[in-house]
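Biologist: I am new to this one. Please put the model up and let us go through it by question and answer.

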Amino acid sequence: VVKIKELFRNTEQYLDKEVTVGGWIRSIRDSKTFGFIVISDGSFFEPLQVVYGEKLENFQEITKQNVGAALIVKGTLVATPNAKQPFEIQAACVEIEGVSAPDYPLQKKRHSFEYLRTISHLRPRTNTFQAVFRIRSLCAYAIHSFFQERGFVYVHTPIITGSDAEGAGEMFQVTTLDMENVPMAEGKIDYSKDFFGKETNLTVSGQLNGETFAQAFGNIYTFGPTFRAENSNTTRHAAEFWMIEPEIAFADLDDNMDLAEDMLKYVIRYVLEHAPEEMNFFNSFVDKGLIERLNNVMNSDFERITYTKAIELLEEVNDRFEYKVHWGSDLQTEHERYLTEELYKKPVFVTDYPIEIKAFYMKQNSDGKTVAAMDCLVPGIGEIIGGSQREDDLNKLVARMKETGLSEEEYQFYLDLRKYGSTRHAGYGLGFERCIMYLTGMGNIRDVIPFPRTTGNADL
Ligand code: 4AD
Ligand code: MG
């Protein structure tokens, strides 16, 4: 069995020869003596046309097949220079591997994304979701390549954790249903409390664990599932999402932004090079102008402005916003969109936010008011990356933890890092789904993760 992708990429090698292809029917039609089937095997964005004639012994049976049926087709690959597709298979044999019931929900017409969300087990068979999930897979690979090529060590940080790295209290708690049946381990832990002897939750960020490895390996990254019980039911928030969190030692905020910018440009280039058919599809049917925009992003510098400057710019047009800004307020989507879509028309790093609206671990600037934070905002989405230089001064960190109500005891490991060979260091988190939205132009986070988890929805 040969993959359709191979036929498209190395056509010369297969023309006028016998090939065998396995795939699923996308469309099927027949006249009295012959018929056409379009099949997809998932290997390539373009499907393959099969022509079959009445001389096949199971001709009648083939004509009765429904969209979605699985077939194995043996036949000759012939060029069709005058047709829409470059070649087709003239079938010598069509084996029906698995029939499809007539109520198959995916018919040839276009279905809405809303409807397709209700059949997340079938939607990967559609054009759009073939393209989305191929890009998702390639993008994951590109991110690993980017960091691995630069010598970063990939760290698997835990999913079950006792800490709230972001201090935002947006955690899903982990509990055991039946402690009585959990075998007691030896030792002094009070298992009557819970399995782990303390309250635990699903991780909201691997950063704090990642920092421990950065202080040993220098440069590291994580890439894993992340969970937030956020009270925002938007097109950009999921309760379960994937995050990439590099952490770099002997580095400051500028190094951090350079890394983030290089990474984004790298993945853009990677998907444009490795999935041209999918990217053209998005450019034509989902987001016109996508490719041109991505090309521009690759070939120019991101804008870098301080939060204070951003507020000044936004205040000039404050009357157009639903939420008026002033120094100290957090940026809302409408403000992020104004900066990226109207003012600069490209990705923008906003740096040096007020200390009060950022996490406890961020390095305090000498002005006493701001921290060395950076968010990367992009047109169409808003925040795609959040990061900072980390506070490496033990005393300042302890003081900030006290102010924000964190227990020194619980975070002793984190303070140890500042005690034993502390370095300047920085890192960021890239929301993987937001990155996929950015690369594809897809407008809803539910449509770029295979099985979305959002408020009220954990189907499949
Ligand atoms: O800005 P955040 O909260 O930063 C952190 O978690 C840091 N610990 C990262 C670090 O410095 N190592 O989240 C980082 C990114 C956001 O910019 C956003 O892209 C994504 O994670 N994100 C979400 N994506 C989807 N659904 C959600 N609910 C998200 N929350 C954050
Ligand atoms: Mg953030």
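Biologist: How does the shell around ligand 1 divide into nonpolar, polar and charged residues?
Modeller: Ala, Val, Leu, Ile, Met, Phe, Trp, Tyr, Cys and Pro count as nonpolar, Asp, Glu, Lys and Arg as charged, and the others, Gly among them, as polar. A residue is near the ligand if one of its heavy atoms lies within 4 Å of it. The shell then divides into 8 nonpolar, 8 polar and 8 charged.

Biologist: What should I know about the model itself?
Modeller: This is a predicted model, where local features need pLDDT of at least 70, side-chain atom pairs count only at pLDDT 80 or more, and totals for chains, interfaces and linings use all residues. Residues are numbered from 1 along each chain as its sequence is written, chains are lettered from A and ligands numbered from 1 in the order in which they are written, and side-chain values use heavy atoms, with hydrogens and water left out.

Biologist: Which residues come nearest to ligand 1?
Modeller: There are 24 residues around the ligand. Those that come nearest are Glu166, Gln207, Glu230, Glu245 and Glu383.

Biologist: Which residue has a backbone N or O atom 3.3 Å from an oxygen atom of ligand 1?
Modeller: A polar contact here is a pair of N or O atoms within 3.5 Å. The side chain of Tyr361 has an N or O atom 3.4 Å from a nitrogen atom of the ligand. A polar backbone atom of Ile385 is 3.5 Å from a ligand oxygen. The backbone atom at 3.3 Å belongs to Gly431.

Biologist: How much of ligand 1 does the protein bury?
Modeller: Accessible areas come from the Shrake-Rupley method with a 1.4 Å probe. Taken alone, the ligand exposes 630 Å². Of that, the protein buries 94%.

Biologist: Which element gives the most residues to the shell around ligand 1?
Modeller: Strands are DSSP runs of E, at least two residues, numbered from the N terminus. Strands S11 (240–249), S15 (382–389) and S16 (425–431) each give two or more residues. With 5 residues, the most comes from S15.

Biologist: How many disulfides does a search of the whole structure find?
Modeller: A disulfide is a pair of cysteine sulfur atoms within 2.5 Å. For Cys435 the nearest cysteine sulfur, that of Cys139, is 4.0 Å away. The search of the whole structure finds 0.

Biologist: Is Cys435 buried or exposed?
Modeller: Buried means under 20% relative accessible area, exposed over 50%, and partly exposed in between (1.4 Å probe, protein chains only). Cys93, at 32%, is partly exposed. Cys435 has a relative accessible area of 0%, so Cys435 is buried.

Conventions:
Polar contact = N/O pair within 3.5 Å; in protein donor to acceptor, adjacent residues only side chain to side chain. Helix = DSSP H or I, 4+ residues; strand = E, 2+ residues; numbered from the N terminus.
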